[in-house]
Amino acid sequence: MFQAFLIKYGEIGIKGKNRYLFEDALVKQIRHALKPVEGEFQVSKEQGRIYVACPQDYDYDEAVEALQRVFGIVGICPTVCVEDKGFDKLSRDVLAYMDEVYPDKDKSFKVCARRARKNYPMDSMEINAEMGHRILEAFPQMHVDVHDPQIMLTIEVREKIYIYSEIIPGPGGMPVGTNGKCMLLLSGGIDSPVAGYMVAKRGVKIDAVYFHAPPYTSERAKQKVVDLAAQVAKYAGPVYLYVVNFTDIQLYIYDKCPHDELTIIMRRYMMRIAEELARKNEALGLITGESIGQVASQTVQSLAATNEVCTMPVFRPLIAFDKQDIIDIAEKIGTFETSIQPYEDCCTIFVAKHPVTKPSIPVIKRSEKKLEEKIDEMVAQAIETAECVIVS
C-alpha cells in the first residue's frame with residue numbers, strides 16, 4: 001500500500017547555505033542504494049523533504065533494507081500518497097490506512113498535521129481535531145493520547161498529501177562523498193572493516209589497501225578481504241581495493257632486523273606504502289582499526305612509532321573501544337562472520353614470540369638502516385605492482 005518513502009535526515013538540516021550540497025549527495029546515494037532493487041524508484045527533493053516514489057510492484061522489505069544502509073538517513077517513513085480531493089476524501093483515505101496498518105484497534109493515537117501548502121482551507125489544528133474525531137467515530141476502540149501515543153499519525157499537506165505513522169531508523173551520519181576520501185588499511189580481522197564503516201558514516205569516501213603475502217597467505221585469505229570490502233561497500237559505496245604483494249618486504253625485514261621489532265617495522269612500511277597509494281589516489285588520510293593496548297603493536301609507544309613515518313593524518317575511530325564494542329558493530333554491519341574465518345593474514349604469519357611493546361623510535365630507525373640497500377626499490381616495486389580490485 002505504500003507508494004513512497006519520506007526520508008528524514010538529521011544534521012544535514014543545520015548546514016545553512018550549503019545544505020543543498022548535502023541533500024544532493026544524499027539523493028545520489030539513495031539512487032545508488034536502490035539500483036539493485038527491482039523496479040524504477042524516483043528520488044526527489046521538495047521543500048526540505050526527500051521523497052522516494054516507488055514503482056507499482058516492488059519488494060518493500062528489500063527497499064527498506066537498502067535505504068537502511070544509506071548514511072545520512074535517520075528515518076524512513078513508509079508513506080501513502082494521495083491527491084487533494086477535499087477533506088472528506090482525505091478522511092476516507094486516512095481511515096483506510098488506519099484499518100489496514102493497525103488491525104488491532106485497541107491503541108492510542110495522536111494526529112499531527114503539517115500544512116506546508118498554505119492555501120489548504122483548514123489549518124493544522126483544525127485538521128488534527130476533525131481527523132481525530134472521524135477516527136474515533138470509525139474505530140471506537142481507539143483513544144486519543146496527545147502525550148505518549150502508540151500511533152503518531154502524520155498528515156503532510158503539500159502539492160500532494162502524505163500519510164504515515166511509522167519511522168524506521170536509518171544509520172544516521174553524513175552522505176558518503178561529502179567529506180573527502182581516505183585510505184583504509186584493511187586486513188582480514190574484525191577491527192579494520194568496522195573502522196572503515198565508522199569513518200564512511202561521517203561522509204568519507206573509502207579506498208582500501210590489503211597487504212598480501214603469498215605463499216604464506218592463501219588466495220582464500222585474499223578473497224576473505226575482498227568479501228569484507230564488499231560488505232563495507234554496501235554502506236560506503238564502491239571501494240577501490242589495492243592488493244599489495246608484501247612477501248619480499250616481510251622476508252627482507254625478517255632477515256635483517258631484530259625479530260622482536262619485526263611487527264613495528266613491518267607496520268611502518270605498511271603505513272609508508274598505504275600513504276603513497278593514498279597520495280596517488282588523492283586521498284587525504286589513512287584509516288586503521290587499531291585500539292590502544294589490544295596487541296603489542298597497539299600500545300601507545302607502538303602507535304607513536306608507527307605514526308612517525310606518516311605525513312598524512314591517521315584516523316583510528318576504534319582507539320578507545322573494548323573488543324566487545326567492536327564485535328557488536330561488526331555483527332550489526334555483517335562483517336563479523338567473515339572476519340572470524342580461519343585464514344591468516346600477513347600480520348600474524350611472522351609475529352615474534354616476544355614482540356617489543358615499548359619501542360624506541362631511535363632504536364627502530366637504527367634497525368631500519370640495515371634495510372637501506374634494497375628497501376626503497378622493494379617498496380616502489382610493491383606500489384607499482386599493486387592490483388586494484390573494484391568492489392561494490
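## The second largest pocket

By class, the lining of the second largest pocket comes out as eight nonpolar, four polar and two charged residues. (Nonpolar here covers Ala, Val, Leu, Ile, Met, Phe, Trp, Tyr, Cys and Pro; charged covers Asp, Glu, Lys and Arg; the others, Gly among them, are polar.) There are 14 lining residues, and His-32, Ala-33, Arg-69, Ala-233 and Lys-234 sit nearest the pocket's centre. Helix H1 (19–34) and H6 are the elements that give two or more residues to this lining. The space inside is about 230 Å³.

A pocket, on a 1 Å grid over the protein atoms alone, is an open set of points where a 1.4 Å probe fits, with protein on both sides within 12 Å along at least five of seven lines; lining residues have an atom within 4 Å of a point. Volume is the space filled by probe spheres set on the points, which are joined across faces, edges and corners.

## About the model

Keep in mind that this is a predicted model: local features need pLDDT of at least 70, side-chain atom pairs count only at pLDDT 80 or more, and totals for chains, interfaces and linings use all residues. Residues are numbered from 1 along each chain as its sequence is written, and side-chain values use heavy atoms, with hydrogens and water left out.

## H5 and its two partners

Helices (H or I, at least four residues) and strands (E, at least two) are DSSP runs numbered from the N terminus. H5 (residues 191–200) and H6 (residues 219–236) have axes that come within 10 Å and cross at roughly 15 degrees, which makes H5 roughly parallel to H6. Axes are lines fitted to C-alpha atoms, for helices over the stretch in contact, with angles from 0 to 180 degrees between N-to-C directions. Under 35 degrees counts as roughly parallel, over 145 as roughly antiparallel, 65 to 115 as roughly perpendicular, and the rest as oblique. Pro-193, Tyr-197 and Ala-200 of H5 touch Leu-228, Val-232, Tyr-235 and Ala-236 of H6, where contact means heavy atoms within 4.5 Å. That contact has seven nonpolar, no polar and no charged residues.

With H10 (residues 323–333), the H5 axis comes within 9 Å and the crossing is at roughly 70 degrees, so H5 and H10 are roughly perpendicular. On the H5 side, the contact uses Asp-191, Pro-193, Val-194, Tyr-197 and Met-198; H10 brings Lys-323, Ile-326, Ile-329, Ala-330, Lys-332 and Ile-333. The class count here is eight nonpolar, no polar and three charged residues.

## H7 against H14

H7 (residues 247–256) and H14 (residues 375–384) pack at about 160 degrees with their axes 9 Å apart, and that makes H7 roughly antiparallel to H14. Asp-248, Ile-249 and Tyr-252 of H7 meet Ile-375, Met-378, Val-379 and Ala-382 of H14. By class, that's six nonpolar, no polar and one charged.

## Two backbone spots in loops

Pro-214 and Pro-215 are joined by a cis peptide bond, with omega about 0 degrees. Pro-215 lies in the loop between strand E11 (205–212) and H6.

Glu-282 has a phi near 60 degrees, a positive value in a residue other than glycine. You'll find Glu-282 in the loop between helix H8 (262–280) and strand E13 (286–287).
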